Amino acid sequence: MNSHLPYSKFDRQERLSIWDQSLIEKSCVLIIGIGGTGGEVAKNLSLLGVGKLILVDMDTIEFSNLNRQLLFSKADIGKNKAKIAKKVIKKRYNSTLKIEAYSDPIQSLPYRIFEEADIIAGCVDNFLARQFINEIVIELCLPLIDSATDGYFGQVQSVNPRKNACLACDFPPPPEETRLLSAPCTLVGTPRIKEHCAWKALYEFHTMNDREPDENSPDDVQEITNLANKFATDHQFPLFDTKEIIQLVLYHVPSLITVNAVTSGIQSQEIIKTLFINKMKLFKKKDQKEFKSLIRAQRFRIPDLTIYSALTGNISSFNLINDPDCLVCGNSSIYHQTPVTINVNPKLKCKTIFTILKRRFKKNYIGFRGNFIIPAEALIENILQDGDRITVSSLDDDKEKRIRIKFKKKKG
Ligand SMILES: [Zn+2]
């Protein structure tokens, strides 16, 4: 607060009913992906006065980002997005904000970061990252507000673990005009239109190769086309040629600053509302009462899915019911298991720890940060961190086990 002014710079928003600035200031939001929407979300949340932001993006700034990613300038080309965003936000929007920036892939971030966050803002543009974030939020029971844009369309999905659908749930098709955009959500279900087969093929490619395909590699394009045609044949759709596949799933999607701004605005607002709902107990007693009555009357609610079409100007919201057979959040999901905590000596090599775990639980496979690791010799050494979650399993039984690694503290 500027000392000679009688009010805080948040005065205008503090005049709102159902608003608690101190609650926002005590919150920590983890934003994954600092591109077109993520950068806007980071700007919005810092201006709203969120206390701490953790920014994650391994990408570097490109010339083609500059027409819509307002935190970056020409001089930043080639530098890391999260690190530049941190510098610019602190300088331009909120100098008192606590802010951390990570340029690592999300799969190698320490669990501490996820555990510290009150909520995650998912602003990524690829399946592997989205899949990983979805699993983490279900496991840690952490709310996620995820966004995606594609040309004239934007969507925001709210995942409230164990209450509504996750990103991997198979839910009924949205309206015609937005069905392509929502295709990534149908990865685990039956393809309902031909294009879904291409998305499923891309998903399959990620699972088999554990990397993004290269649109300039004829081998990658052919592999995805073959996979898509396998799905198309199974579900009686016409076959794809390689050109169609490139156009559908391998080109960078078109992107508009206006759609990013609307989508990230909706996403930021739903983040603040989710913080209010989850921390309602911190509101003053009188406000709590008013808040609860608004929720009961459905005058304050967080839609499961919001879709914006810049072509029609429509913003529609939908309820998404969770799928009991969903592999990530369904009834038999491994993420509902409370992990067994195992104390390990941090000096031991990762390979040794995994060998001990496999022997102790009589299992052959180790699942770790989105990968299944066999054999242990293939591991990079010493990448295990305190708090990491590991899955042990065998092909001959379906009883996977979750393990939480706890590093033994040095004595004295
Ligand atoms: Zn699910």
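What you see is a predicted model. Start with the largest nonpolar core, which has 62 residues. Val29, Ile31, Ile32, Leu55 and Cys166 are the ones with the most contacts inside that core. The element that gives the most to this core is helix H10, residues 257–278, with seven residues. Apart from it lies another core, of 15 residues, and among them are Ala198, Leu202, Phe205 and Leu248.

Back to Cys166 for a moment. Which residues does Cys166 touch, if we do not count those up to four places away in sequence? They are Asn134, Ile138, Val159, Asn322, Cys326, Val328 and Cys329.

Next, the packing of H10 with another helix. Helix H3 covers residues 36–48, and it packs with H10 at an angle of about 45°, the two axes being 9 Å apart. Angles under 35 degrees count as roughly parallel and 65 to 115 as roughly perpendicular. The angle here therefore makes H3 oblique to H10. The crossing of the two, H3 and H10, is right-handed. On the H3 side, the residues that meet H10 are Gly36, Thr37, Glu40, Val41, Asn44, Leu45 and Leu48. Their counterparts in H10 include Asn260, Ala261, Thr263, Ser264 and Gly265. Further along H10, Gln267, Ser268, Ile271 and Ile272 also take part.

Now one residue in more detail. Phenylalanine 231 sits in helix H8, residues 218–234. Is phenylalanine 231 buried or exposed? It counts as buried, because it has 20 C-beta neighbours inside 10 Å, and 20 or more is the cut-off. Setting aside neighbours within four places in sequence, phenylalanine 231 is in contact with Pro191, Cys197, Lys200 and Ala201. Alanine 198, which I listed in the core of 15 residues, is 33 residues from phenylalanine 231 in sequence, with 8.2 Å between their C-alpha atoms.

Some totals. The protein has 412 residues, of which 37% count as buried. There are twelve helices and 13 strands. Taking contacts between residues at least 6 apart in sequence, 65% join residues at least 24 apart.

Last, confidence. The average pLDDT is 86, and 90% of the residues score at least 70. The stretch to watch is residues 173–186, where the pLDDT is below 50. Beyond near neighbours in sequence, that stretch has 26 contacts in the model.

Note on methods. Residues numbered from 1 in each chain as written. Predicted model: local features only at pLDDT ≥ 70, side-chain atom pairs only at ≥ 80, totals over all residues. Core = buried A, V, L, I, M, F, W, Y, C linked by C-beta atoms within 7 Å. Buried ≥ 20, exposed ≤ 12 C-beta atoms within 10 Å, placed from the backbone. Helix = DSSP H or I, 4+ residues; strand = E, 2+ residues; numbered from the N terminus. Contact = placed C-beta atoms within 7 Å. pLDDT = per-residue confidence, 0-100. Axes fitted to C-alpha atoms, helices over the stretch in contact; angles between N-to-C directions. Parallel < 35°, antiparallel > 145°, perpendicular 65-115°, else oblique. Left-handed = near helix turned anticlockwise from the far one by under 90°.
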